[in-house]
Amino acid sequence: STEPQLDDKKKPVPLPDFYIELPFENYLDGDRPEASWKLAGSNFVKQGKTIIVQLGETVGVIKRDPLRPPTCLGLTLSNEAVKQAEIRREAAGGRVEAHPVSRGLYDLGCLFLDNLFDGRPIQRFWFLEIIARIPYFSYVSMLHLYESFGWWRAPELRKVHNAEEWNELHHLLIMESLGGNALWSDRFLGYHVAIVYYWFLIGVYLCSPRIAYQFMELLEAHAVDTYSTFVKQNRERLATLPPPAVARSYYTEGDLYIFDDFQMRPPGSRRPTCDSLLDVFVNICEDESEHVLTMQACQNYAVLGERVCSPHVAYLNEPSINIDREERRKMWKKWAKQINEQE
């Protein structure tokens, strides 16, 4: 863990035995709920300060800290390896049969990511995660609209989508703790693409919920290919780095009831470890695999009427479940105790 790395001037710098997890950045959330113009003005000032810093670092006036994540982590990702992983998946029967327009937009997006974030895997993951939670905002917005019109009510589906967004949010927080959003230019692009993506999916869902879910399946399958390739290429390095506090909290100490809600498996049957950064990325990859299954189930719901609901409901009276009622009750008590201790 002490081999030299290179900064922007190609000079070797010592890599520390640990990395310092980034604290809460002062250019992010506001202090409290306020009027929109106040929040916008405050954010403009905060973001503006970081523009100056980035410009100064770009022209060499301000020296970049070589020990600041993600620079010091020494992590890599090959675009070609990700493409090969996708080819192998599709050859093995994992191809997503998407609408031609969806496939074209997907291919264009992959090309964009490959070029913009080449050699910057953590920044790429941050961008992916800022986008990945947007569809669930769109889906829930449309479900609220349908319910408000009195057309259709699907509270269980909303619950699943909320849990999916909560999961993607924690992926995003993990990438932010690793410095994935350190550059103003990355944040600017990510936020604005997210806004466009939100309204795009609103329009798609209005016309065809199935295609909206199908497009998300494409992206989640690509996320599995990307994260699995990243883990394969950086396994030894990741194993030497500790997990961010937010990852440990989410996977081992947080609200695991919500963690179960987005998965197509019995509640409590997946309890991942989180002892290293390797565990973190393996867990994220497995999360994305679960999202693929959920999106497939949502498409079946849209086409065949096979209802999608929380696993806590789906497996409530399932005789084949591996966790009996008494065991579930013990897990519930354990979770409740953890919540009470936090309070």
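Is Arg270 buried or exposed, and what is its relative accessible area? Arg270 is buried, at a relative accessible area of 5%, where buried means under 20%, exposed means over 50%, and partly exposed is in between, using a 1.4 Å probe and protein chains only. Hello everyone, let's keep that arginine in mind and start with the model.

This is a predicted model, so to speak about local features we need a pLDDT of at least 70, and side-chain atom pairs count only at pLDDT 80 or more, while totals for chains, interfaces and linings use all residues. Residues are numbered from 1 along each chain as its sequence is written, and side-chain values use heavy atoms, with hydrogens and water left out.

First, confidence. pLDDT is the predictor's confidence in each residue, on a scale from 0 to 100. The protein has a mean pLDDT of 84, with 83% of its residues at 70 or more. A contact here means heavy atoms within 4.5 Å.

Now the fold. There are 13 helices and two strands; these are DSSP runs numbered from the N terminus, with helices being H or I of at least four residues and strands being E of at least two. Of the 343 residues, 46% count as buried. Looking at contacts with a separation of 6 or more, 76% come from residues 24 or more positions apart.

On to the inside. The largest nonpolar core has 72 residues, and Phe125, Leu157, Tyr205 and Phe281 have the most contacts inside it. Such a core is a set of buried Ala, Val, Leu, Ile, Met, Phe, Trp, Tyr and Cys residues joined through side-chain atoms within 4.5 Å. Helix H8 (residues 209–239) gives the largest share of this core, 13 residues. Leaving aside neighbours within four places in sequence, Leu157 touches several residues, including Leu143, Trp152, Tyr205 and Tyr301.

Trp152 also turns up on the surface, in a nonpolar patch with Leu145, Phe149, Trp151 and Leu206, about 550 Å² of accessible area together. Patch residues have over 30% relative accessible area and no salt bridge; nonpolar side chains (Val, Leu, Ile, Met, Phe, Trp, Tyr) are joined within 5 Å, like charges within 9 Å. Areas come from the Shrake-Rupley method with a 1.4 Å probe, and for residues only the protein chains shown count as cover. Phe149 sits in helix H5 and is partly exposed at 49%.

Finally, charges. Side chains of opposite charge can pair when their charged atoms come close. A salt bridge puts a side-chain nitrogen of Lys or Arg within 4 Å of a carboxyl oxygen of Asp or Glu, and the count comes to 15. One of them joins Asp186 and Arg120 at 2.8 Å, N to O. Asp186 is in helix H7 (residues 184–207) and Arg120 in the loop between helices H3 (100–116) and H4 (121–132), 66 residues apart. Both Asp186 and Arg120 are buried.

And back to our opening residue: Arg270 forms a salt bridge with Glu286, the closest N and O atoms being 3.4 Å apart. Arg270 lies in the loop between helices H10 (256–261) and H11 (277–304) and Glu286 in helix H11, so the pair ties together parts 16 residues apart in sequence.
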